[in-house]
Amino acid sequence: MVGIALDCVETHYGFGRQEVYLTPHQLQEFQKYTWGEWIQTFATLMWTKVSTCLFLLRIPVAQWLIRPLQAALVILIVSNVILTLLWIVQCQPVAAAWDESLHGICFSKDQLRSIIFAQAMFSVISDFSFAAYPILMLWNVRMRWKTKVGLYCLMGLGVM
């Protein structure tokens, strides 16, 4: 809901239009709400992955399968908190991220891109890992081979 609300406000301030057609005020407001939307995106990605991890932890399995999930949970939370904080403090003062008249000290475009790529890397790795994890859980379960392959395919749909 928060993302949709931010999208609506961003659209009002110029999302989808070329920068040359925006007034300075529209551009500044658009940049402010885009900055906020990245924070919301980081939080949404983190809590989605955390809920998936917590779901997988509810499935009763051997201890050697639980420890990696617990580690993944800690890594996801710590990495997302760090990346979100880096995004928030990308400029000093913070408002300089969208208000160029403040002449603040900001991260370079490459540094901002690195924050986004790091977030994407954690997201992709966790997506594939969590989608493949049920395969490990079902590996030694006694069932017909065709049933097992069907379950692997069904559970692997999380990759999409």
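**Pocket, patch and salt bridges**

Modeller: The largest pocket in this predicted model has a volume of about 510 Å³.

Colleague: Which residues lie nearest its centre, and how many line the largest pocket?

Modeller: The lining has 19 residues, and W87, Q90, A97, K109 and L112 lie nearest the centre. Helices α2 (24-58) and α4 (109-138) are the elements that each give two or more residues to that lining. The largest share is from α2, with five residues. By type, the lining splits into 12 nonpolar, four polar and three charged residues.

Colleague: OK, on to salt bridges. What makes D127 and K49 a salt bridge?

Modeller: Their closest N and O atoms are 2.4 Å apart. The cut-off is 4 Å between a side-chain nitrogen of Lys or Arg and a carboxyl oxygen of Asp or Glu, so the pair counts. D127 sits in helix α4 and K49 in helix α2, so this bridge ties together parts that are 78 residues apart in sequence.

Colleague: Why is K49 called buried?

Modeller: K49 has a relative accessible area of 8%. Buried means under 20%, so K49 gets that label. D127 comes out at 29%, which lies between the 20% and 50% limits, so D127 is partly exposed.

Colleague: How many salt bridges turn up in the whole structure?

Modeller: Three. Another one joins E29 and K32, at 3.3 Å from N to O. Both residues are in helix α2, three residues apart, or about one turn of the helix.

Colleague: E29 and K32: what are their labels, and how do you know?

Modeller: E29 has 10% relative accessible area, under the 20% limit, so E29 is buried. K32 has 27%, between 20% and 50%, so K32 is partly exposed.

Colleague: And what makes D110 and R113 a salt bridge?

Modeller: The closest N and O atoms of D110 and R113 are 2.7 Å apart, and that is within 4 Å, so they qualify. D110 and R113 are both in helix α4, again three residues apart and about one turn of the helix. D110, at 52%, is over the 50% line and therefore exposed.

Colleague: Last one: which residues form the nonpolar patch on the surface?

Modeller: V74, V78, I82 and L86, with about 320 Å² of accessible area together. V74 is in helix α3 (residues 63-88).

How values were computed:
Residues numbered from 1 in each chain as written. Predicted model: local features only at pLDDT ≥ 70, side-chain atom pairs only at ≥ 80, totals over all residues. Heavy atoms only, no water. Patch = residues over 30% accessible without salt bridge, like charges linked within 9 Å, V, L, I, M, F, W, Y side chains within 5 Å. Areas by Shrake-Rupley, 256 points an atom, 1.4 Å probe, with all protein chains shown as cover. Helix = DSSP H or I, 4+ residues; strand = E, 2+ residues; numbered from the N terminus. 1 Å grid on protein atoms, 1.4 Å probe; cavity = no way out; pocket = protein on both sides within 12 Å on 5 of 7 lines; lining within 4 Å. Points joined across faces, edges and corners; volume = space filled by probe spheres on them. Nonpolar A, V, L, I, M, F, W, Y, C, P; charged D, E, K, R; others polar. Buried < 20%, exposed > 50% of the residue type's maximum accessible area, 1.4 Å probe, protein only.
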